[in-house]
Amino acid sequence: MDVKDNLQHIMKRIEQSCEKVNRKSTEVKIIGVTKYVSIPRASEALAAGVIHLGENRVEEGLEKREALGDKAIWHFIGNLQSKKVKQMIDQFDYLHSLDRLSLAKEINKRAPHGTSIKCFVQINVSGEESKSGINPSDAIQFVTSLKQFEAIEVVGLMTMAPFVENKEETRPVFRKLKELKDTIEALQLPHAPCHELSMGMSNDYEVAVEEGATFIRIGSSLVGNES
Ligand SMILES: *Cc1c(COP(=O)(O)O)cnc(C)c1O
């Protein structure tokens, strides 16, 4: 288990995927998801050159942030309970899981005055009941309605593809999210520039990169799993 080797391997694959579809690999940012690992392992990821770190629980995320500080750009990628917004909102740089108006309202209330919070709207493209996220057919209306919350900036869309053996099966999910992103981006809403696509995990990031991902969220194949 060497984070540096893993990172090299992942970066090489990103380059290959980018080449296939004529993208620049610099457009793809790797979020090291450290939710399964200790602070020392997360620190190794930083030392290896990973800049973006992702956590899906408020307490663990805050603990790591406390230990590792501003050396990283922090992403909150998990379901977020409204009651926990207050303690985390000024500690993370991006939120990937904005999926309801009540959460947007709470973020708006708790965001430090005059700041805007970079949010991805989570979309449930696959329609699996176990997954959170806005229904694709409601996405435009949802994003438009976020205009009322001045502290919310919609930087992009996020999705999780189903976990499948054959990763090709994830392609339609990623393609759909890209289409939706392009549609919203074209509306040129001041509160929703929507340039980014957060999609792809250890199992399927190559397909996601081929389909336009700008942030991929990689846990186990980068930092392993110590839990
Ligand atoms: C855990 C998690 C990941 C990373 O998962 P891996 O399969 O280990 O790469 C990415 N995104 C979200 C939302 C997660 O919860």
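Guide: Gladly! A residue is called buried when its relative accessible area is under 20%. Keep in mind that this is a predicted model.

Visitor: Why is histidine 75 called buried?

Guide: Histidine 75 has a relative accessibility of 0%, and the cut-off for buried is under 20%, so histidine 75 counts as buried. You can find histidine 75 in strand 3, which covers residues 73-76.

Visitor: What makes the link between the side chains of histidine 75 and histidine 96 a polar contact?

Guide: A polar contact needs a pair of N or O atoms within 3.5 Å. The contact between the side chains of histidine 75 and histidine 96 is 2.7 Å, so it meets that distance limit. The side chain of histidine 75 also makes a polar contact with the side chain of histidine 52, at 2.8 Å.

Visitor: Which residues are around the ligand?

Guide: Among them are Val33, Tyr36, Met158, Arg217, Gly219 and Ser220. By class, the shell holds 7 nonpolar, 3 polar and 2 charged residues.

Visitor: What lies 2.8 Å from an oxygen atom of the ligand?

Guide: A polar side-chain atom of serine 220 does, and a polar backbone atom of glycine 219 is 2.8 Å from a ligand oxygen too. A nitrogen atom of the ligand is 2.8 Å from an N or O atom in the side chain of arginine 217. Of the 390 Å² of accessible area that the ligand has on its own, the protein covers 91%.

Visitor: Which pocket does the ligand take?

Guide: The ligand takes up the space of the largest pocket.

How values were computed
Residues are numbered from 1 along each chain as its sequence is written. This is a predicted model: local features need pLDDT of at least 70, side-chain atom pairs count only at pLDDT 80 or more; totals for chains, interfaces and linings use all residues. Side-chain values use heavy atoms; hydrogens and water are left out. A residue is near a molecule or strand if one of its heavy atoms lies within 4 Å of it. A polar contact is a pair of N or O atoms within 3.5 Å; within protein, one must be able to donate a hydrogen and the other to accept it, and residues adjacent in sequence count only if both atoms are side-chain atoms. Accessible areas come from the Shrake-Rupley method with a 1.4 Å probe; for residues, only the protein chains shown count as cover. On a 1 Å grid over the protein atoms alone, a cavity is a set of points where a 1.4 Å probe fits but cannot get out, and a pocket is an open set with protein on both sides within 12 Å along at least five of seven lines; lining residues have an atom within 4 Å of a point. A molecule sits in a cavity or pocket if more than half of its atoms lie within 2 Å of its grid points. Ala, Val, Leu, Ile, Met, Phe, Trp, Tyr, Cys and Pro count as nonpolar, Asp, Glu, Lys and Arg as charged, and the others, Gly among them, as polar. Helices (H or I, at least four residues) and strands (E, at least two) are DSSP runs, numbered from the N terminus. Buried means under 20% relative accessible area, exposed over 50%, partly exposed in between (1.4 Å probe, protein chains only).
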